[in-house]
Amino acid sequence: MLTEIDFSSQQEHLKNVSRTFALTIPMLPEALVDYISNAYLLCRIADTVEDDPKAAVDKKISWLKSFSLFCKEGFNDEMELLKLHKQAVDLVRDGAVDKEFDLISDMPAVVKRTLTYPVKIKNILSRGVSILSLGMSRSLEGTEIKDLNDVDHYCYYVAGVVGELLAALFYEHNHDIDRKELMALSVSFGEGLQLTNILKDRLVDKDRDACFLPIAKDGSNAADVTREYISICQGHLDDALSFILMIPTKESGIRLFCLLNIAMATATLKLLSEADVAEDRNVKISRRTVKILYILSKMVVKNNILTRMFFSYISRGVKRVKRDPHELRSRVSCWERLPF
C-alpha cells in the first residue's frame, strides 16, 4: 500500500527544486499552499523527464504521453503509477541533479497526496497536469516555432495552462471571483511569465541549439525580434495585472502571490529592455531587488489604485503591445476540450 507524502516533506521538495515558488507559494491561504505546491511538484516531475539531457527523446515522449493519460484519468491506477515511477527513475538516473532525482524518487507519494484532496481540486490538477505533460511531449517531437501563433501554443502548453489551473483553484477557494473573466485572462498571465523566461534565457538556449522565438527571416535580425517580443511580453504582463485586480482585496495572500511573480517578471523585462539584447547574457534581478519588490508588493496589494501605480512604476519606459486575451485563450486553450 503506497503512502502519501506529508506536508512538510512536500514543502521541502518545493524548496529544493524552485527558489522562486518556494518564496511565493507560502503567501497563499493555507489550503492553497498545499494544493498549489502539490500541483507544482507534479508539473516539475514531468519537466524533469522532459529536460533530462541523457535520456532518449523517444522514451521521454512515450513517458510523457503515458503520464498525461494517467493524470487525465484521475491518478487512480496504482499499477500504472508504479510502472511510470520505475520508468521515470530509469530515464533520469544519469541526467537529473540530486534534488530533482529525489523528487522523482518520491513520485508515488506525491501522487498519493493528490488523491487525498477534494474531488473538485483533484479534477483541476488532473486536467492541468495532463495538458501540460502532453504539451511537453509535443514539444519534444520537434514543433518548429515559425511565428507568434506557434509561440502562443508553445507558451500555452507549458505556462498558459498553469494560469488556468491557478484561476480554477482561486475560484474554488472564493466563489465571489468572476470565474469566466479570470479564466479568460489566465492564459495571457501564464504566457507573460513564460515569455519573460524565454527572453531572459534566449542566448543560453541558442548555445544548446534551442529556440523558442521565431527566427528572423524577413530581413530583421535576432535583436529586433527580441525587442518585438519584449513589447508583446509586457502586454501580457499588463493582462496579468488585470487578472490580479479581479481578485477581491480581502484575498491578499492570493493577490500577493500573483503580484510578486509578475513584479519580478516585469523588473526582469525592464532590465532586458535596457540591455544589449544581442550580447548581454546576465540579465537577472538581484536578491536585493526581489526583497524590495516583496516589501512594496505587500504594502500595496490590498488597494487596487496603489497596485496599479506600483506596476506602472516598475514597468515605466517598457513598450507594450496590447493583444486580446479572450481571442488568445479561445485559440490555444485545451482546458474545456482535452486533446485526446
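**Notes on the helices, a loop and a surface patch**

1. Helix 5 and helix 6 run roughly antiparallel to each other, a label for angles over 145 degrees. The axes of helix 5 (residues 78-92) and helix 6 (residues 98-105) cross at roughly 165° and come within 9 Å. Helix 5 passes helix 6 in a left-handed crossing, so the near helix is turned anticlockwise from the far one by less than a right angle. Helices here are DSSP runs (H or I, at least four residues), numbered from the N terminus.

2. Quick caveats: this is a predicted model, with local features needing pLDDT of at least 70, side-chain atom pairs counting only at pLDDT 80 or more, and totals for chains, interfaces and linings using all residues. Residues are numbered from 1 along each chain as its sequence is written, and side-chain values use heavy atoms, leaving out hydrogens and water.

3. Have a look at Phe75, in the loop between helix 4 and helix 5. Its phi is near 65°, a positive value in a residue other than glycine. Phe75 is also buried, at 2% relative accessible area (buried is under 20%, exposed over 50%, partly exposed in between; 1.4 Å probe, protein chains only).

4. Ser62 sits in helix 4 (residues 57-72) and is partly exposed at 43%. From Ser62 to Leu91 it's 29 residues in sequence and 11 Å in space, C-alpha to C-alpha.

5. Ile292, Ile295, Leu296 and Met299 make a nonpolar surface patch of about 350 Å² (residues with over 30% relative accessible area and no salt bridge, nonpolar side chains joined within 5 Å). Met299 belongs to helix 14 (residues 287-300) and counts as exposed, at 60% relative accessibility.

Key: Patch = residues over 30% accessible without salt bridge, like charges linked within 9 Å, V, L, I, M, F, W, Y side chains within 5 Å. Areas by Shrake-Rupley, 256 points an atom, 1.4 Å probe, with all protein chains shown as cover. Salt bridge = Lys/Arg side-chain N within 4 Å of Asp/Glu carboxyl O. Helix = DSSP H or I, 4+ residues; strand = E, 2+ residues; numbered from the N terminus. Axes fitted to C-alpha atoms, helices over the stretch in contact; angles between N-to-C directions. Parallel < 35°, antiparallel > 145°, perpendicular 65-115°, else oblique.
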